[in-house]
Amino acid sequence: MKKNILSKILDDQEAKTPFVLLTNIQSGEQTVIYHKGAVGPEAKNLELLKICRRYMKDNKNGIISDPKNEFFLHVFNPPLRLAIIGAVHIAQPLTQMAKIAGYDVIVVDPRESFATVDRFPSTTIITEWPDDAMEQIDIDRRTAIVTLTHDPKLDDPALSVAIKSNAFYVGALGSKKTHALRVDRMKTEGNDERQINRIHAPVGLNLHAVSPAEIAISIMAEITATLHAL
Amino acid sequence: MAGNNVKVQLSDEKILSTALVWKNSGKSVAIATVIKTWGSSPRPMGSQLAVSNDGTFVGSVSGGCIEGAVVTEALEVMKSGKPKVLDFGVSNELAWEVGLACGGQVKVLVEVIEE
């Protein structure tokens, strides 16, 4: 690997630009491929670029070959993200666990006494109403969304956006009864039933969790299971 | 932060940035990447390890079973400058010495960082 390629891909990672590093296993030559454009010896190999972009979309690595060469295709997508609506107690251990698992965490809560830097150090905090906040988050296929406020005023608008988005996971805290009422409200508001069914509720795998940290484990476990079941 | 005794698993991003820091400080540096796995290998494709010419390394390509052998090979690759693919697994002779306890197999690409 040339040092200038290493510098370049580190800059791309910093800028959260998705790319593929294509390495010719025999020669060691490398091509960097983006959604648009590519740099390196294979930059004009359109067939290869197409395959690389498909792997980028699927977020998977692998070896591919053409008649002459064998390549290792290494996808560098920006980190997974978790948007948490509700800067409540459960959100604190959930934020920590998600970070350890490699997620960028965004905490949304208009109640500024909840969404403080003290409670969520080194975390992106948005103290706006969820519908406004959700617009600021560019929700993609690598985003998970969890609502934790228990308050329909905050949870429902966030969920209405979430179920229509590309988010790979949408979860909502609340009992079966709470969720049944939520489903009724969301239907009345004209949400599509199939989309409403995307909501994981009650949120998390059933681990008989009790404490905030245990509930966070069950949520993180369900997000992980959903991510890898895709 | 990355002292020799740091045992935490760094993210891939930190591994590559550490490699650049080493290179910029005048060391020879090689990068090992898992390019293929079979069976129950512990680290997925794309997992990386950076090695400097003093044998210091960050990252991992297995659960700790083959890192020693990879570092040794990486020092050779630094001398030759040519990328090399290493095979580890039950079918490989080397595996009897540095086998994967999990029974999995991995292919590791080792390349040097050039100016």
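The questions and answers below go through the two chains in turn.

Modeller: This is a predicted model, in which local features need pLDDT of at least 70, side-chain atom pairs count only at pLDDT 80 or more, and totals for chains, interfaces and linings use all residues. Residues are numbered from 1 along each chain as its sequence is written, while chains are lettered from A and ligands numbered from 1 in the order in which they are written.

Biologist: How many helices and strands does chain A have?

Modeller: Helices (H or I, at least four residues) and strands (E, at least two) are DSSP runs, numbered from the N terminus. The C-alpha atoms of chain A fill a box of roughly 60 × 40 × 35 Å along the principal axes. Within chain A the count comes to eight helices and eleven strands.

Biologist: How far apart are the centres of domain 1 and domain 2 of chain A?

Modeller: The domain bounds come from an automatic or database domain assignment. That assignment divides chain A into domain 1 (3–76) and domain 2 (81–229). Taken over C-alpha atoms, the separation of their centres is 34 Å.

Biologist: What percentage of the residues of chain A count as buried?

Modeller: A residue is buried if 20 or more other C-beta atoms lie within 10 Å of its own, exposed if 12 or fewer, and partly exposed in between, with C-beta atoms placed from the backbone. Chain A has 230 residues, and the buried share of them is 37%.

Biologist: Is A:Val108 buried or exposed?

Modeller: A:Val108 is found in strand 7 (residues 104–108) of chain A. Two residues are in contact if their C-beta atoms, placed from the backbone, lie within 7 Å; leaving out residues up to four places away in sequence, A:Val108 touches A:Ala83, A:Ile84, A:Ile85, A:Ile126, A:Pro130 and A:Ala133. Of these, A:Ile85 is 23 residues from A:Val108 in sequence, yet their C-alpha atoms are 4.8 Å apart. Because A:Val108 has 28 C-beta neighbours inside 10 Å, it counts as buried.

Biologist: Around what arc do the buried residues of helix 5 of chain A lie?

Modeller: Helix 5 (residues 152–162) of chain A has the buried residues A:Leu154, A:Asp155, A:Ala158, A:Leu159 and A:Ala162. They are on the same side of helix 5, because the arc they cover around the axis is only 110°. An arc here is that of the directions from the helix axis to the C-beta atoms. So the arc asked for is 110°.

Biologist: Where is A:His150, and how exposed is it?

Modeller: A:His150 lies in the loop between strand 9 and helix 5 of chain A. Its phi is positive, about 75°, although A:His150 is not a glycine. With 14 other C-beta atoms within 10 Å, A:His150 is partly exposed.

Biologist: Which residue is joined to A:Ala201 by a cis peptide bond?

Modeller: The bond has an omega of about -5°.

Biologist: What distance separates the end C-alpha atoms of helix 2 of chain B?

Modeller: The expected span of a helix is 1.5 Å times one less than its number of residues. Helix 2 (residues 67–80) of chain B has 14 residues, so it should span 20 Å. The distance in the model agrees, at 20 Å.

Biologist: Why do the buried residues of helix 2 of chain B line one face?

Modeller: The buried residues of this helix are B:Val70, B:Ala74 and B:Val77. An α-helix has 3.6 residues a turn, so residues three or four places apart point the same way. The face of helix 2 turned away from the buried side carries the exposed residues B:Thr72, B:Glu76 and B:Lys79. Seen down the axis of helix 2 of chain B, the buried residues line one face because they fall within an arc of 60°.

Biologist: Which element of chain B supplies the largest share of the side that touches chain A?

Modeller: The contact takes 20 residues from chain B and 17 residues from chain A. On the chain B side, helix 1 (12–24), strand 1 and strand 5 each supply at least two residues. The largest share, six residues, comes from helix 1 of chain B.
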